Amino acid sequence: MPVEVTWWGHATCTVEDSDVRVLTDPLFARRLAHLRRRRGAPPPPDARRADVALVSHLHADHLHVPSLAGLAAGTRLLVPRGAPRAVPGLRRLAHLRVTEVAPGDVVPVGGLVVRAVSARHDGRRLPLGPHRAPALGYVVEGEARTYFAGDTGLFDSMAEEVGPVDVALLPVGGWGPRLGEGHLDAGRAAEALARLTARSAVPVHYGTYWPIGMDAVRPHEFHAPGDEFVRLAALRAPDVAVHRLRHGESVRLEVAR
């Protein structure tokens, strides 16, 4: 049975598996604070259609309240445990079915099972705020096992908690000239791929948003991560099929069982 993945830009993807539409870290804005969308048109209205949306952590480019507000009434929304306390705007989204989860929690959605897993990333709502919630990844299990990493660095239990998987949606860059602690660049993402024994991979979280006025500052950090991940994955995990999608592009993956 095929599983289809569409990359809308940044960490936003649609995964269609077992007649269920899963949306990851919805971000549909042309501009977010000091960031503007530099590549790829904003996702079309159909991108907002989902049975369940997954939020990996509290940073505003992953938990974007205005984008979540545009989801249809009744959409299931999984967020890190403690997120509504840390982000009051979530409590105003009464049209969504919000469920708080922590690593190890399992939520059935139609013919899928969504499992929250650990991530190594800052769980605060930045730039200020004392409240934290755990940063998460998710494994979506249906016809395929699809790992959405959110934002994370490498961590010791990654292979045990997550792998093996059929499809890995891995961040390979960021939105600024330098990546901070708790991120994967192209090299670390290739190492993660080797640990996960994935069959297929789609690089995400690069080449979409960039700080206003900084187009000429380390531009390779914006343009290069996707191709660099393809190159390094071929060295570190040569048996994995890597699909570097353009914004709005989809790939159908046959999963053998």
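1. Two strands are taken to pair if DSSP finds at least two bridges between them. The model discussed here is predicted. In it, strand E12 (residues 145–148) runs parallel to strand E13 (residues 167–171), and three bridges connect them. Thr 146 has Val 167 of E13 as its bridge partner.

2. These strands belong to an open sheet of seven, ordered E9-E10-E11-E12-E13-E14-E16, with mixed pairing. Strand E9 (106–109) and strand E16 (241–242) form the edges, each pairing on one side only. Helix H4 (residues 186–196) packs on the sheet and touches E12, E13, strand E14 (200–204) and E16. The direction of H4 makes about 155° with that of E13.

3. The largest nonpolar core contains 57 residues. Tyr 138, Tyr 147, Leu 170, Leu 193 and Phe 229 have the most contacts inside this core. H4 supplies its largest share, six residues.

4. Some backbone geometry deserves attention. Most peptide bonds are trans, and most residues other than glycine have a negative phi. Gly 163 and Pro 164, however, are joined by a cis peptide bond with omega about -10°. Pro 164 is in the loop between helix H3 (158–161) and E13.

5. Two residues other than glycine with positive phi are His 205, near 60°, and Arg 218, about 45°. His 205 sits in the loop between E14 and strand E15 (209–211), while Arg 218 is in the loop between E15 and helix H5 (220–223). His 205 has a relative accessible area of 1% and is therefore buried; Arg 218, at 30%, is partly exposed.

Technical notes
Residues numbered from 1 in each chain as written. Predicted model: local features only at pLDDT ≥ 70, side-chain atom pairs only at ≥ 80, totals over all residues. Heavy atoms only, no water. Helix = DSSP H or I, 4+ residues; strand = E, 2+ residues; numbered from the N terminus. Contact = heavy atoms within 4.5 Å. Axes fitted to C-alpha atoms, helices over the stretch in contact; angles between N-to-C directions. Core = buried A, V, L, I, M, F, W, Y, C linked by side-chain atoms within 4.5 Å. Buried < 20%, exposed > 50% of the residue type's maximum accessible area, 1.4 Å probe, protein only.
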